[in-house]
Amino acid sequence: MTNRTILALALGAACPAVLAVPAAAQVASPVTVQPVTIDINATGTVDAVPDLAIVNAGVEVRAPTAAAALREASDRIEAILGALEAAGVEDRDIQTSRVSLNPQFDYSERSEPRLTGYAASNTVNVRFRDIERAGTIVDALVQAGANQVNGPSFTFADPDPLTERARMEALRMGEERARAYAAALGKRDVRLVYVSEGVNGMAPPPVPMAMAEQSITVTGARKVPLRPGEQEIGVGLSMRYELR
């Protein structure tokens with residue numbers, strides 16, 4: 001027996017753990033089980049009667065010169081603003097939406113187009129917080145010289161409480177569906193791990209209508225009937241649940 005063999009046997013007897021290292025290295029690592037997840041889309045909705053109406057109103061006039069057209073449009077919009085003030089509409093609820101000036105041409109002849117004058121317009125968006133009076137005020141606008149009226153668009157002065165109700169409804173629906181899936185898959189509980197939101201149902205302000213002819217006049221008009229009905233506010237949620 002060689003000296004090298006005798007030395008190896010001596011070390012093995014003195015340090016048995018050294019010889020056990022290869023066996024220990026063969027122990028398997030714990031297996032990580034990935035949780036089951038599910039993506040759910042849910043929309044909560046709330047129906048309510050709008051408490052705010054928005055109407056776009058204004059004037060269009062034609063005149064031989066640009067200055068004359070702008071001057072007449074300005075005079076008539078001032079009369080309209082005065083009618084709104086007399087009706088109790090606050091300044092914060094009146095917003096200029098469009099002022100325009102465009103040349104007018106006659107294309108009936110085969111020669112070069114002939115300039116016939118200018119058309120000027122001035123329109124405002126008006127918010128009515130008392131919808132019951134909105135029809136009466138629209139009639140007053142026409143009597144004051146408005147020959148462009150578009151709307152109304154109905155919305156809410158404070159939509160946040162309605163949006164919150166719709167949001168909670170969407171959350172409830174999402175969790176209810178997640179629990180139904182968990183039960184079907186033999187899971188005991190669910191945990192929300194991701195959510196994103198989208199809101200719909202908010203009415204935009206009305207856009208100006210196509211230019212009306214200056215010759216439009218209204219005589220003997222009466223209160224314009226307006227009915228806001230109900231409007232839906234919805235909150236859509238995209239959610240991810242972990243089933244445990």
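Going by side-chain nitrogens of Lys or Arg within 4 Å of carboxyl oxygens of Asp or Glu, the count here comes to 15 salt bridges. This is a predicted model, so keep that in mind as you look around. The protein chain has 244 residues, 32% of them buried, and its secondary structure comes to five helices and seven strands.

**Salt bridges**

- Glutamate 90 and arginine 92 bring their side chains together in a salt bridge, at 2.9 Å from N to O. Glutamate 90 is partly exposed, with a relative accessible area of 42%, while arginine 92 is exposed at 54%.
- Arginine 172 is partly exposed, with a relative accessible area of 42%.
- There is also a network: Glu175, Arg179, Asp189 and Arg244 are joined into one by salt bridges that share partners.
- Arginine 114 forms a salt bridge with aspartate 106, and their closest N and O atoms are 3.0 Å apart. Arginine 114 is partly exposed, with a relative accessible area of 43%.

**Aspartate 106 and its surroundings**

- Aspartate 106 sits in strand S3, and its bridge partner in S4 is arginine 114. That makes arginine 114 both a bridge partner and a salt-bridge partner of aspartate 106.
- Not counting residues up to four places away in sequence, aspartate 106 touches Pro113, Arg114 and Thr116.
- Glycine 117 is eleven residues along the chain from aspartate 106, and their C-alpha atoms are separated by 9.6 Å.

**The four-stranded sheet**

- Four strands make an open sheet with antiparallel pairing, in the order S3-S4-S2-S5. Strands S3 (94-106) and S5 (148-155) are at the edges with a single partner strand each, so one side of each is left without a neighbour in the sheet.
- On average, neighbouring strands of this sheet are turned by 15° against each other, direction ignored.
- S3 and strand S4 (residues 114-128) pair over twelve bridges, in the antiparallel sense.
- Helix H3 (residues 66-86) packs on the sheet, where it touches strand S2 (52-63), S3 and S4. The direction of H3 makes about 150° with that of S2.

- Leu70, Val99 and Leu101 make a nonpolar surface patch of about 230 Å².
- One of these residues, leucine 70, is found in helix H3. Leucine 70 is partly exposed, with a relative accessible area of 35%, and residues need over 30% to count towards a patch.

- Is threonine 163 buried or exposed? Threonine 163 is buried, its relative accessible area being 9%, and the cut-off for buried is under 20%.
- Threonine 163 lies in helix H5 (residues 160-184). Leaving out residues up to four places away in sequence, threonine 163 touches Val199, Ile233 and Val235.
- Asparagine 41 is in strand S1 (residues 36-48) and is exposed, with a relative accessible area of 57%.
- Which residues are in contact with asparagine 41, leaving aside neighbours within four places in sequence? They are Arg177, Leu237 and Ser238.
- Asparagine 41 and valine 195 are 154 residues apart in sequence, yet 9.5 Å apart in space, C-alpha to C-alpha.

**The whole chain**

- Along the sequence, the protein chain runs through the pattern α-α-β-β-α-β-β-α-β-α-β-β.
- Take the contacts between residues at least 6 apart in sequence: 85% of them join residues at least 24 apart.
- The accessible surface of the protein chain comes to about 15,300 Å², and carbon and sulfur atoms account for 54% of that.

Key. Residues are numbered from 1 along each chain as its sequence is written. This is a predicted model: local features need pLDDT of at least 70, side-chain atom pairs count only at pLDDT 80 or more; totals for chains, interfaces and linings use all residues. Side-chain values use heavy atoms; hydrogens and water are left out. Two strands pair if DSSP finds at least two bridges between them. Helices (H or I, at least four residues) and strands (E, at least two) are DSSP runs, numbered from the N terminus. Axes are lines fitted to C-alpha atoms, for helices over the stretch in contact, and angles run from 0 to 180 degrees between N-to-C directions. Contact means heavy atoms within 4.5 Å. Patches are made of residues with over 30% relative accessible area and no salt bridge: like charges are joined within 9 Å, nonpolar side chains (Val, Leu, Ile, Met, Phe, Trp, Tyr) within 5 Å. Accessible areas come from the Shrake-Rupley method with a 1.4 Å probe; for residues, only the protein chains shown count as cover. Buried means under 20% relative accessible area, exposed over 50%, partly exposed in between (1.4 Å probe, protein chains only).
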